[in-house]
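Subject: Structure handover

Hello,

Here is the structure I promised to pass on. Please open it first, then read the notes below.

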Amino acid sequence: MYSEKVMDHFQNPRNVGTMSDADGVGQVGNPVCGDMMTFYIKVKEARIADVKFQTFGCGAAIAVSSMVSEMAIGKTIEEALKITNESVAEELGGLPKNKMHCSNLGADALHKAIENYQEKQKETEPPSGSPEKSQDKETCSCPYCEGPIEGLENTCVSCHIEFADCPECHKPMNKKADECPHCGATKPRV
Ligand code: FES
């Protein structure tokens with residue numbers, strides 16, 4: 001009735017357990033029988049580095065979970081999302097017709113764990129326009145104390161020196177100084 005592969009994964013399920021530092025967790029219940037399956041994933045460099053699962057269900061559901069976990073480890077997120085309930089049943093050498101509903105849990109629980117991981121990623125991404133992302137904005141610093149020079153005022157926010165552009169190198173120099181700190185050019189005396 002069951003294939004050898006189903007029996008093997010049922011009797012020696014791989015990757016059973018929980019994961020305290022999971023990057024994503026997904027849980028689904030089977031409406032037909034009320035059984036439950038929880039998947040935990042660890043992601044490293046956009047690949048599924050580890051999978052653990054807990055299944056409260058029949059032998060077929062345990063075999064399905066075990067197979068899904070093996071199929072997912074090492075895959076990229078995109079590849080893991082392509083694992084379907086049908087491909088898992090196929091990989092197991094088929095399931096009896098009256099047990100096909102048990103295979104519905106496996107890929108769904110894995111996909112939910114991936115969705116959970118992706119949601120967490122979005123939450124930790126800095127919002128666009130934040131200081132980290134706007135580093136390409138050109139900034140000018142004071143040549144005397146290295147503090148930032150403020151916009152149109154041309155004044156150093158730290159030492160409050162007022163600046164004018166050096167007529168030679170066009171970099172900021174103290175309006176009242178006689179010599180440019182960048183190129184050493186001296187102001188023509190009037
Ligand atoms: Fe519930 Fe198989 S009978 S998952």
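Start with a helix contact. In α1, the residues V6, H9 and F10 meet G59, A60, I62, A63, S66 and M67 of α2. Sorted by class, this contact of α1 with α2 has 6 nonpolar, 3 polar and no charged residues. Helix α1 covers residues 4-11, and its axis is 8 Å apart from that of α2. The two pack at an angle of about 90°. The cut-off for roughly perpendicular is 65 to 115 degrees, so α1 counts as roughly perpendicular to α2.

Keep in mind that this is a predicted model.

**The chain as a whole**

The protein chain has 5 helices and 7 strands. Read from the N terminus, its elements run α-β-β-β-α-α-α-α-β-β-β-β. The chain has 190 residues, and 30% of them count as buried.

An open sheet is formed by 3 strands, in the order β1-β2-β3. Their pairing is antiparallel. The edges are β1 (24-29) and β3 (47-56), and each of these pairs on one side only. From one strand to the next, the twist averages 15°.

Look at β2 and β3 in more detail. Strand β2 takes in residues 36-44. Its antiparallel pairing with β3 runs over 9 bridges. Two pairs to find on screen: M37 has T55 of β3 as its bridge partner, and I41 stands opposite V51 in β3.

**The turn between β2 and β3**

β2 and β3 form a hairpin, with 2 residues between them. Both E45 and A46 deserve a look. E45 sits in the loop between β2 and β3. Its phi is positive, about 50°, although E45 is not a glycine. A46 is found in the loop between β2 and β3 too. Its phi is near 65°, again a positive value in a residue other than glycine.

Are these residues buried or exposed? E45 is exposed, because it has 6 other C-beta atoms within 10 Å. A46 is exposed as well, with 8 other C-beta atoms within 10 Å. The cut-off for exposed is 12 or fewer.

**Helices across the sheet**

Helix α2 (residues 59-72) lies across β2 and β3. It runs at about 175° to β3. Helix α5 (residues 100-124) lies across β1 and β2. It runs at about 145° to β1.

**The cores**

In soluble globular proteins, nonpolar side chains tend to be buried together. Here the largest nonpolar core has 33 residues. Those with the most contacts inside it are F39, I41, V64, V68, V88 and L110. At least two residues of this core come from each of β2, β3, α2, α4 (85-91) and α5. Which element gives the most? It is α2, with 9 residues.

What is V64 in contact with, leaving aside its neighbours within four places in sequence? The partners are V88, L92, C102, S103, L105 and G106.

**Towards the end of the chain**

One more residue to look at is A177. It lies in the segment after β7 (172-174). A177 counts as partly exposed, because it has 16 C-beta neighbours inside 10 Å. A177 and A164 are 13 residues apart along the chain. Their C-alpha atoms are separated by 9.7 Å.

**Where to look first**

Begin with α1 against α2, at about 90°. Next, take the hairpin of β2 and β3, with E45 in the turn.

Best regards

Definitions and conventions. Residues numbered from 1 in each chain as written. Predicted model: local features only at pLDDT ≥ 70, side-chain atom pairs only at ≥ 80, totals over all residues. Pairing = 2+ DSSP bridges. Helix = DSSP H or I, 4+ residues; strand = E, 2+ residues; numbered from the N terminus. Axes fitted to C-alpha atoms, helices over the stretch in contact; angles between N-to-C directions. Contact = placed C-beta atoms within 7 Å. Core = buried A, V, L, I, M, F, W, Y, C linked by C-beta atoms within 7 Å. Buried ≥ 20, exposed ≤ 12 C-beta atoms within 10 Å, placed from the backbone. Parallel < 35°, antiparallel > 145°, perpendicular 65-115°, else oblique. Nonpolar A, V, L, I, M, F, W, Y, C, P; charged D, E, K, R; others polar.
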